[in-house]
Amino acid sequence: ILPAAPTRASAKPVKPKRVGAPEGADPGVVSWVASVAELTEPRDIVWCDGSQEELQRLIDIMLEAGTIVPVPKRPGSYLARSNPDDVARMEDRTFICADDAEDAGPTNNWRDPASMRQVLGGLFDGAMRGRTMYVIPFSMGPVGGPISKLGIEITDSPYVVASMHYMTRVGTAALEAMHGTRDWVPAVHSIGAPLADGQQDVPWPCNPTRYISHFPETREIWSFGSAYGGNALLAKKCFALRIASVQARDEGWLAEHMLLLRMKHDDGRQIHLAGAFPSACGKTNLAMLQPTIPGWTVETLGDDIVWMRPGPDGRLWAINPENGFFGVAPGTSEATNATAMAMMDHDTIFTNVAMTPDGDVWWEGMTKDVPEGLIDWQGRPYDPANGPAAHPNARFTVRAEQAPSIAPDWDAPEGVPLDAIIFGGRRPTQVPLVLQARDWEHGVYVGATVSSQQTAAAEGPVGEIRRDPFAMLPFCGYNMGDYFTHWIDMGHRLGRHAPKIFSVNWFRRDEDGGFLWPGFGENARVLEWIAGRVAGTAPGVDTAVGVLPAEGALNLDGLDIDEAVMDELFEIDPKAWLSELVDVEAFFGQFGRALPTGLVRQLNHVRWRLEHV
Ligand code: GDP
Ligand code: PGA
Ligand code: MN
């Protein structure tokens, strides 16, 4: 069985020396680390300080082990090739272990905490034998910020430690902030590959048995078997979304799967916007958007996770709790995301991309032509018969400060006041380029009815449409029905200060399967209309499903696009919408009494309007 979650008053005092804890570490932290070490039996323990020297040591260890190879064309950059069976999040191995199954809700895999502790206790027993156990104290958000939170990840994977260095604020300041408090999240990760004496290691050790387990009541995370980002960098999806969503429910704030940006015009207009799209549906790209319309610039604040809280002024204030970007490589190019290309020209960890003979990285969509002599993501000479050169979920990991578009105040502890929230997904038909929700409750309905084609970011059938409310289906740590209620309540609390809510769809297709909308930098046109709606200047027309841009309200200056295509992008087919409502109703139905009546009201209203057009 697993050791108990850390308590404030440690039951049995442990000598810090025994686990090599730094001077002054909180006794509760030290005794928890000691209990994990006792269970997992590592060869040694390293407390991470987040320094450049530490990162260099990790890189040397990984080079030596063959986990990474240098990318000579990009200083300070490396390529990791994972085990081919460890390339994405595994939703069917992700568990919410709430005491009561009701609290996990119908959309999560629930397991009884006591029996899960038993299973994990067996797996973690001796799991780190022959390996180094790293203790990573980190802060999500600037240390001590009003929206920030603390955590400790224990792992036996140097790849995870190096990635955490980029993705979170690791180090002594975070450890010191944990003194005298239990308000930090304990997270344990093991690749589950103990080494016997003299046993030869492999470049990417992992275990086919996998558990990504969350204990919302004790705020714990235990992850076993995988070293892939979303399964192993426990600060990210596991803490900042699954555990934080529970904290947010209990403490009156929101933890969301969103990008965060500021769009500003030379004339002084500006908006702060957060956007929820499912994994691999355009968050990172939108966060780094280079507007094609004159006068506008986008400053990046975050690309994956947003924590937001009502501020003293009654508005919703938002931070990006992360410190870096873990982005999808395929499809990234000078044409689609020049900002991302520039930020990865040094100090980047690439995972599962291809390599060129002259020592650079490559992936599908980076250049039109496929370079000669590629080595594919599995280290073999590239042969199209083996599939793509880079894995479709190949990733780059970089520090946020490397993005040329990063906002100068991106790590302001108090965050930014939010003006607009957008929801989107990959919808080849039916969903218009943009619409505005009529009010907050309708906006919650729009978020709750997001659906999208599945992508390579998680194991599963790519291309199939599934409901993914708020892009949080795989990330909400509690009953999604209660989550909807929490959102509706937030609207009441914010009142007239509530951000305006919109839906967007960059992915509508023509009969030949091509995208109707050029996307990427051109998406600024849609954001400009949104800014206009927030300011009360852009005209809209009310329809059964929401407010669409009025004739001529969307800025199409300089864009070569047929009027017929624009019509198709905004076409609302009442029949298709009505038949989707059947699916929405079934989806809502599974929440039973947890479903807020506001959503039922919205559904009935939309149906009534569709039936009367
Ligand atoms: P994230 O995982 O939500 O951050 O998604 P990304 O921004 O990394 O994008 C995932 C994939 O969608 C990449 O291959 C992008 O090139 C592609 N993508 C992003 N934005 C757009 C867009 O506006 N239009 C089209 N057609 N593709 C896009
Ligand atoms: P993302 O997910 O595609 O939303 O960036 C990252 C992950 O797979 O953990
Ligand atoms: Mn992303």
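Ala, Val, Leu, Ile, Met, Phe, Trp, Tyr, Cys and Pro count as nonpolar; Asp, Glu, Lys and Arg count as charged; the others, Gly among them, count as polar. This is a predicted model: local features need pLDDT of at least 70, side-chain atom pairs count only at pLDDT 80 or more, and totals for chains, interfaces and linings use all residues. Residues are numbered from 1 along each chain as its sequence is written, chains are lettered from A and ligands numbered from 1 in the order in which they are written, and side-chain values use heavy atoms, with hydrogens and water left out.

**Ligand 2**

- A polar side-chain atom of Arg395 is 2.8 Å from an oxygen atom of ligand 2.
- The side chain of His257 places an N or O atom 3.1 Å from an oxygen atom of ligand 2.
- A polar backbone atom of Ala280 lies 3.4 Å from an oxygen atom of ligand 2.
- On its own, ligand 2 has 280 Å² of accessible area, and the protein covers 97% of that; areas come from the Shrake-Rupley method with a 1.4 Å probe.

**Ligand 1**

- There are 18 residues around ligand 1, and Ala280, Gly282, Lys283, Thr284 and Asn285 come nearest.
- By class, the shell around ligand 1 has nine nonpolar, seven polar and two charged residues.
- H10 supplies the largest share of this shell, three residues.
- A backbone N or O atom of Gly282 is 2.8 Å from an oxygen atom of ligand 1.
- For Cys281, a backbone N or O atom is 3.3 Å from an oxygen atom of ligand 1.
- The side chain of Asn523 has an N or O atom 3.0 Å from an oxygen atom of ligand 1.
- The protein covers 90% of the 580 Å² of accessible area that ligand 1 has on its own.

**Largest pocket**

- Ligand 1 sits in the largest pocket, and ligand 2 sits in the largest pocket; sitting there requires more than half of a molecule's atoms within 2 Å of the grid points.
- A pocket, on a 1 Å grid over the protein atoms alone, is an open set of points with protein on both sides within 12 Å along at least five of seven lines; a cavity is a set where a 1.4 Å probe fits but cannot get out; lining residues have an atom within 4 Å of a point.
- The largest pocket holds about 860 Å³ of space; a volume is the space filled by probe spheres set on the points, which are joined across faces, edges and corners.
- It has 42 lining residues, of which Ala280, Cys281, Val328, Pro330 and Arg426 are closest to its centre.
- H10 gives the most to this lining, with four residues; helices (H or I, at least four residues) and strands (E, at least two) are DSSP runs, numbered from the N terminus.
- The lining of the largest pocket has 19 nonpolar, 14 polar and nine charged residues.

**Cavities**

- The structure holds four cavities of 30 Å³ or more.
- About 300 Å³ of space lies in the largest cavity.
- Its 22 lining residues include Val431, Val446, Thr449, Ser503 and Trp577, the closest to its centre.
- H16 provides the largest share of the lining of the largest cavity, four residues.

Definitions and conventions. A polar contact is a pair of N or O atoms within 3.5 Å; within protein, one must be able to donate a hydrogen and the other to accept it, and residues adjacent in sequence count only if both atoms are side-chain atoms. A residue is near a molecule or strand if one of its heavy atoms lies within 4 Å of it.
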